[in-house]
Amino acid sequence: MLASLRSPRPVAPYTRALRLPSRRRYASVTDLSSLPQGSNIHGFTLQRTKQIPALELTALHFQHDRTGADCLHLAREDRNNVFSIGFKTNPPDATGVPHILEHVTLCGSENFAVRDPFFLMLPRSLQNFMNAMTSQDHTTYPFATTNAQDFKNLMSVYLDATLRPLLRRSDFVQEGWRIGPENPRKESDEQSAKDPVFKGVVYNEMKGQISDATYLFYIGFFEQIIPALNNSGGDPQKMTELTYEQLANFHKEHYHPSNSKIVTYGDQPVETHLQMLAEQLGSFDRAEVDKDIKRPITLQGPQEVTIPGPVDPLTPPEAQYKTSTSWLAGDPTNVHESFALQLINNLLLDGYGAPLYRTLIESGFGTDFSPNTGYDNSSGTGIFSVGLTGVSEANVPKVKNIIASTLKEQVEKGFETQKVDGLLHALELRLKHKSARFGLGLAQATTGSWFNGIDPFESMDYAAIIDTFRANFARGGYLEGLVERYLLNENTLTYTMAPSTTFGADLAAEEAARLQRKIAEAVKEFPSEEEAHKQLRDRELALINEQDEGKGANVDVLPTLHVTDIPRQAKKEEVSDGMVDEKTKVQWRETATNGLTYFTGLAPFQDLPYELRMLVPLFCDSLMRIGTREKSMEELEDLIKLKTGGIRFGYHASTSPHDILKADEGFSMSGYAFDRNIPAMYELLHTILLGTDFDSPKAQGMIKELLRSGADGAVDAIASRGHSYASRYSNAGLNPAGKWAEQTGGLTQVKLITGLAGAEGDEVAMGELVQRLKALQGIAVHSMTDSFRAALVCGADSSTDNETALRNFLTATRSGATPISPSSSFSSPTPGPNPTYPTLSQRTFFPFPTYQVSYTALALPTGPYTSPTTAPLAILAQLLTHKHLHQEIREKGGAYGGGASTNSLAGTLGMYSYRDPNPANSLKIMREAGRWASERDWSARELEEAKLSLFQSVDAPISVDKEGLGRFLQGVDYEMEEERRRWMLDVDAQQVRQAAEEVARKLEAGEANVTVLGSGQKFVREGGGWEVVEMGIAKAAVAGEEVAGVTAAPSSG
């Protein structure tokens, strides 16, 4: 897959995603006294070692004598072991050759000469992460597993795939690009045979990417500031120029041990890893490779670039510009200065009280920061960017001036010590927090920076970095000096994306013209046009036959685990129940937490009206935005950083494990902090929940700001997870919790927020909205007085203090609650009628004319968690994914993804396709999947693979803060889990066939809910029975295919 070019930069401090956890013991898995520098193990020489107490690990850097391959082993007491091999892959052009090669290498190798061993290994393993990722200038292949034999199996497959791939031409056209008839097996479809289309998994993946304006802005920015670093993912307009020979040569030049960085992590012995590596690398000699570090252009004076981009049809047409200003800032190999620049980034940008947030977004010049905003040290030179989305044309030139004046003012004012201390405290907490995927994150971050000259020993040594920073900061003027040096100058690049109402139509026209050129080129190779089209169809059929043969091939050459490797009994997380008062139940999980306490609380909603439920997400955002009468949000944010690792408010809904038609919903709150700061954390929760001042003169403006920010980029957000939105909508009619999830986090919620944002000029409507949010505040507080549940994860030595602090919090909160009327009195309607959702047999289409590909989902109800009949369905979903849907929808159909899954808690079975060029074909495959499975004789090996695949997620490691939460949030206790575990392990072929027969019966009777998102589709127009739900997309703002001849339902989302 194409790696995310940049994680969204959180504005509010309580939404941070980065976690740097630690384990209980310090690097006891490696005895450095037995491995002195210069030791040679299996042809690897130990170059250096370092103990890193902040991360509780020991780092060992080896180099392979024969090839020069670098290997970094991170020894840590963590059973979730990680392997990653990466290669420096500077893209020579925008054809996407690194990205397509990443896919093709995994399609077969010398020692595993079966079709698609990567996907075949997915169900033969207990891995909890397995992927491949193309980044801007390097490609990595990581996995993680807790099973030692599994580690060896996957490592052997990964090394053979990357170093000795078969690189078959058929794999290139399957994964990269080709032209051929859309449905080659339809002999009667003469028009289809004469109108080939572009196909290819990566081609359609990137067509999906260019439906995302956020991606377009970001990748376009890098094309301007580092033109030597081409688009590694691939531009569809350029991708069809890539040849198979160019791909093969790129592999030969770049996928060599001399050009690799290998990282291993965890508690397994490094000697075993090095032995396997030696066996794989031994046949290679040292080679000269391209290790060039691409650097930005020289900025001498102001430079400006403007490019066209798509219109966001859900945001105001007068505010569609995206613009940013960038400086070159520092040498990333200087980890100490780079750390300081990252702190400057946080101080200037993160949080509602941050200077640039206040002058740019709070002041109304834009709706959110641009995708490239922040400090980026991923290339050879640091880049500091600040920009906005949702800008009017008149304000574009003002943005740069505001940025400059804000920076100058901040230097004159100076950075406050308290704010710096808050950031350092937040870092200390992240270093203490125990994340299940710590090793994966560390391996990925280390590999990317290592390729660009950053020493991993230095970048991981947080203690030294922080000590150096504190010494520099104590001398005064340190951060201000860096801002002056790098940002207070005119050596800038101002990059702007201007909205074009013809952008989508221009893309479509370019693709059509390019397709005709490619068809003309193909025709020249044959005596006649008819012969050319026949050959294209024959080639497509030959590829399909090869794919079909691969499905039935013997794959015993691949290593595998067995069901016996899955424990019959899971490890029990000991929890206990108690009461802190007569109304409050508490679940306790006492374990080693590095001195941290994690709190989760639930206040139930009773008979909450739909119009208030739909506003709960906005209410929670408002709590973290408005502030109280005594403290501004900036002051509260400072306290949150100084005293906690973050606090959250949210909406929670769960289905009963005994009955899928019964569900609970409520208001949730959570936070974590050092044990000593737990009273302060509760005080902040109390202050914000009860004290948020919705009557403040600024409150309405801040709520409008949240609405604008939520509406901005909504179309892009859906494009990145379209199958999830489609699935959520399909599930909405199956049970209450599904409906509530759609109302609070689905397309219905998007439609509500964009509608409210569009009505922000209506002061009466905004006034009514504020009153509803105040009503929710009262309901949330009142619900805590009647019934409240809490879950605490902490060390045994802090339980007593935690109980006292929780009791004090509840007493203070309940004493501050004011009596309210029943919630039914707060039922004044929000814009639009009560949303209705599809019951069984409904087909719904959401038109998104700017999308280049589609997203589909199909959903059926199954049964409750405690029903044994649902266990075979869980196995069936794995079989459908790995034995049928992946091959039919992805390999043959060209979609980027397709599969099936069950939600054991919600009681649903679903199928989906992702970035799909042919949704009609995918839906046909889904509808016929049940019958296909019911008529198949399932072998013991296939059942074993399905069980292995299922238990990858069931037994995946979890972070310490999540321990016991399944019981608390969903009502599923250990005994229920164990009973279901036995059911799933004991499923036999007859049970799978019976489950498949029932699914087939329902699908053939049309009893599934189907949802499709995308541009106008012929099958929707012609098929009948489709309900079209409009999202309020302004037709004047887009140039796309109209959906005609169907009944539109503009307000029944």
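Arg124 forms a salt bridge with Glu945, and the closest N and O atoms of the pair are 2.8 Å apart. The model in which this pair is seen is a predicted one, and the distances and areas that follow are computed from it.

The domain assignment of the protein gives three of them, with domain 1 at residues 32–282, domain 2 at 576–816 and domain 3 at 843–1028. The C-alpha centres of domain 1 and domain 3 lie 28 Å apart, and the contact between these domains takes 29 residues from domain 1 and 24 residues from domain 3.

How much area is buried between domain 1 and domain 3? The value is about 2,300 Å², of which carbon and sulfur atoms give 50%. In domain 1, the residues that lose the most area to domain 3 are Pro123, Asn204 and Ser211, which together account for 22% of what that side buries.

Polar and charged pairs also cross this interface: the count between domain 1 and domain 3 is 2 salt bridges, and 13 residue pairs are found in polar contact. On the side of domain 1 that touches domain 3, the elements that give two or more residues are α4 (169–175) and α6 (201–209), and the largest share, 6 residues, comes from α6. Sorted by class, that side has 6 nonpolar, 13 polar and 10 charged residues.

Salt bridges are also counted over the whole model, and the structure holds 52 of them. Side chains of opposite charge can pair when their charged atoms come close. Two of these pairs are set out below.

| Salt bridge | Closest N and O atoms |
|---|---|
| Arg124 and Glu945 | 2.8 Å |
| Arg358 and Glu634 | 2.6 Å |

In the model, the end C-alpha atoms of residues 497–756 lie 26 Å apart, and the span is 51% helix and 18% strand.

Definitions and conventions: Residues numbered from 1 in each chain as written. Predicted model: local features only at pLDDT ≥ 70, side-chain atom pairs only at ≥ 80, totals over all residues. Heavy atoms only, no water. Domains from an automatic or database assignment. Contact = heavy atoms within 4.5 Å. Buried area = accessible area lost by both parts, 1.4 Å probe. Salt bridge = Lys/Arg side-chain N within 4 Å of Asp/Glu carboxyl O. Polar contact = N/O pair within 3.5 Å; in protein donor to acceptor, adjacent residues only side chain to side chain. Helix = DSSP H or I, 4+ residues; strand = E, 2+ residues; numbered from the N terminus. Nonpolar A, V, L, I, M, F, W, Y, C, P; charged D, E, K, R; others polar.
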